Structures are given as C-alpha cells and as structure tokens.
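The sequence and structure come first.

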Amino acid sequence: MHVLAALLGLVAISTILVDAFEVIILPRRVVRRLRLSVAFLRTTWGVWRSLAGRIPSPKRREGVLALYGPLSLLMLLHVWALGCMIGFALWMWGAGVHLAGVSDPTFGGYLYLSGVTFFTLGYGDVVPTDAVGRLTSVVEVGTGFGLIAIVIGYLPVVYQGFSRRETAIALLDARAGSPPSAEQLVLRYSHHKEAFEALLREWEQWSAELLESHLSYPVLGLFRSQHANQSWLGALTAIMDACVLVLAELEDGPAWQAQLTFAMARHAVVDLAQVYSAPPERAAPERLSPDDLAGLRSKLLQQGVRLRAPHDDRVQGLRAMYEPYIQALAEQLRLNLPAWNAPAVAVENWQTSPWERLTGTAIRTLLGAPGDPH
C-alpha cells in the first residue's frame, strides 16, 4: 500500500508539473493529447453551462456564463496547487518519512506538512527528520515558488490577449452595428473601397492573432465581451459573412483582400472548433434563407451598391465552408450568432448610456450625413 501511494504521488506531481508547463509555457498545436487542464475545463464548463441554462432571464444567464472564464482560471490554479500538495503528501507517506512533533503520523499529518511546505509557511511544528523527508521538502518549496512565479506571469498574458481581442470587437460596433451584421458592414463601406480593404486587412491580422492566442490559452474563448450582443465569435462570423458578400455579390469590392481575410478567418474557425471539441453541425438552423438573401440584395441595390448577377450556388458554397463550424462553436460556448440582415430598428451600443438614448434622426443630423445608413 505504501509503495503504491509513493508511486501515485510521483505520478500526481509529474502530471501537475507537465500540465502547468504545457498550459503556460509551451506553444501548442491544434491536435493534442488529453491533459488535466483540458479535462478540467471541459467537465466544469459542461456543468456550468447546464446550470446556467436553467436561468430563465437572458440577462442573468449571460451574467452567470460570463463568470466562468475568470473563475475557471482561479479554479485551475487551485487544482494545480492542491494536486501538488496531495502528490508530495502521498510520496512522503508512502516513503515513510519520519516526522518530529508527531508520534504516530497519519496521511493527514503528511498533508499538513506538504501544505505548509508548498506555500513556504514554515511553522516548524511538524518537520521531517530523515534525509528523504528533508530533500522532499526542499524540492516542494522550489516547486511551490516556481509554480507561483509562473502563474504571476501567466495571468497578465491572458488578460492582455483578452484586451487586444476586445479592442477590435468594440471598434466593430460603429462599423457593423450591434450586433454586427454583414449587411450593415457592406452598406457602410460599399462606397469606400480603400477603407473597406483596410478594414478587411485588419481583421485578417486579428483572425491570425485570435487563432494563436486561443490555441495557446483556450480559456480565453470562455471570456465573454462587455455587451451581450457582442462576442469574438459573433464578430468573426460577421466578417466572414461580409467576405462572402464581397466575393459572391459585389461588383466592385475588395475581392482580393476578402479572399485573404476569409481564408484566415476560416482557418481560425476550423482549428478552434477542434480545440473546443465542437464538431461541425451539418444540420444546423438556416441563417440565410433564399428569401432573406433576396431581401438583402434588394437593400443593397436600394443604397446604390453595384451587384453582380445572382449566384446562389457560390454563396451557398462559401457558407458551407464555415457555417457548420461557427454553429458548433456557438452551441458549445453558448454564444449567439449575428444575423446576416440588420434588425429593422436597432440602437447600437455607442448610442446608449444609462441616462440617455440618441435617436437615429438626431445622430444623422449631428453627423451631417442624412443619407448615410449609419
């Protein structure tokens, strides 16, 4: 029994340290073996979203879901610390380390010693007296120091990645509406080709950064945006929808940059669907029916946008390349996907405050652009 406990302790310590190294330090690939942190996040997120799904109020439900990302980060750190303490306690108990201050040491006594050693409290009421115990204490102190130091550097990196991601999403608010839609984005940029091309180039870079950061730190995907009608997945979806319109519908749009942005965004969506264990939904709900597509074309024509001859097959083909993946990600992460068409009446986030709400007429008058759909 003691030999088995010692071996189990070594396995626990090794598992924790390898997992922490892979999560914090090692750049990772899309395909990976099952790890402790991955299993922990999948299990706890599944329970959390199921409990949140029982909340009838959408606002409160979104608030509860938003808690999970930061909270899971703290819970994972506690799992690592607790796993290390239990592992060292098992090793000392199994190795029969002699303790001063305890006549008949139990596993609880070894766990207490492991805890005060790991966090370098050093009360001195229970101390190892043999060589194995002293060496184990030195190693555990170094492990505790190292893990805490790595975590201190880990948290700022995660929040910096979150901040960079959300900056672009906030900027999209005035460019594509709240929630963002391909219709609004194309309407607002259809007569500004150079600006449209620059925007798509920025989102190509954003998609690459999103892929890299969320591969390295998957917990970032569980961090939610400030507003319920915003999300990283919703923004990425609106950009890809707009790229489809540029490639399949617009007569004179930034087609080359739209191809590049679409390719990078699709790459991010497919890889992240694998990271979050979200296989594509082939039978997902229809986001753009033929009638909706016809209505979208009509709105674009009314605003003076030059369109090609209708080519439904190309639109459907491009949509099939990414929509099953975003549908699966939306279901897995409990995020809402934006529609292709903008709502008939919508107030954007930048137009509101707790004290007032601007009207569309006032905004158009103040901005001096009465014909601008923005």
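The structure holds 10 aromatic pairs. One of them joins Trp93 and Phe107 in an edge-to-face arrangement. The model is predicted, and the mean pLDDT of the protein chain is 87.

**Aromatic pair Trp93–Phe107**

- The ring centres of Trp93 and Phe107 are 5.9 Å apart, and their planes are at 75 degrees to each other.
- The angle is over 60 degrees, so the pair counts as edge-to-face.
- Trp93 sits in helix 3 and Phe107 in helix 4 (residues 107-118), so that the pair links distant parts of the chain, 14 residues apart.

**Helix 1 with helix 3**

- Helix 1 spans residues 2-24 and helix 3 spans residues 58-95; their axes come within 7 Å and cross at roughly 155 degrees.
- That angle makes helix 1 roughly antiparallel to helix 3, the threshold for this class being over 145 degrees.
- The crossing of helix 1 and helix 3 is left-handed.
- By class, 19 nonpolar, five polar and one charged residues make up the contact of helix 1 with helix 3.

**Helix 6 with helix 8**

- The axes of helix 6 (residues 182-189) and helix 8 come within 8 Å, crossing at roughly 60 degrees.
- With this angle, helix 6 is oblique to helix 8.
- The crossing of helix 6 and helix 8 is right-handed.
- On the helix 6 side the contact is made by Ala182, Leu185 and Val186; on the helix 8 side, by Ala238, Ile239, Asp241, Ala242 and Leu245.
- The contact of helix 6 with helix 8 has seven nonpolar residues, one charged residue and no polar ones.

**Helix 4 with helix 5**

- Helix 4 and helix 5 pack with their axes 8 Å apart, at an angle of about 50 degrees.
- The two helices, helix 4 and helix 5, are therefore oblique to each other.
- By class, the contact of helix 4 with helix 5 divides into three nonpolar, five polar and one charged residues.

**Backbone geometry in loops**

- The peptide bond from Ser178 to Pro179 is cis, with omega near 0 degrees.
- Pro179 is placed in the loop between helix 5 (131-176) and helix 6.
- Thr120 is not a glycine, yet it has a positive phi of about 55 degrees.
- Thr120 lies in the loop between helix 4 and strand 2 (127-128).

**Model confidence**

- In the protein chain, 92% of the residues reach a pLDDT of 70 or more.
- Among the elements of the chain, helix 8 (residues 232-248) has the highest mean pLDDT, 96.
- Helix 13 (residues 360-367) has the lowest mean pLDDT among the elements, 60.
- Where pLDDT is low, the predicted coordinates should not be read in detail.

Technical notes. Residues numbered from 1 in each chain as written. Predicted model: local features only at pLDDT ≥ 70, side-chain atom pairs only at ≥ 80, totals over all residues. Heavy atoms only, no water. pLDDT = per-residue confidence, 0-100. Helix = DSSP H or I, 4+ residues; strand = E, 2+ residues; numbered from the N terminus. Axes fitted to C-alpha atoms, helices over the stretch in contact; angles between N-to-C directions. Parallel < 35°, antiparallel > 145°, perpendicular 65-115°, else oblique. Left-handed = near helix turned anticlockwise from the far one by under 90°. Nonpolar A, V, L, I, M, F, W, Y, C, P; charged D, E, K, R; others polar. Contact = heavy atoms within 4.5 Å. Phe/Tyr/Trp six-rings, centres within 6.5 Å; stacked < 30°, edge-to-face > 60°.
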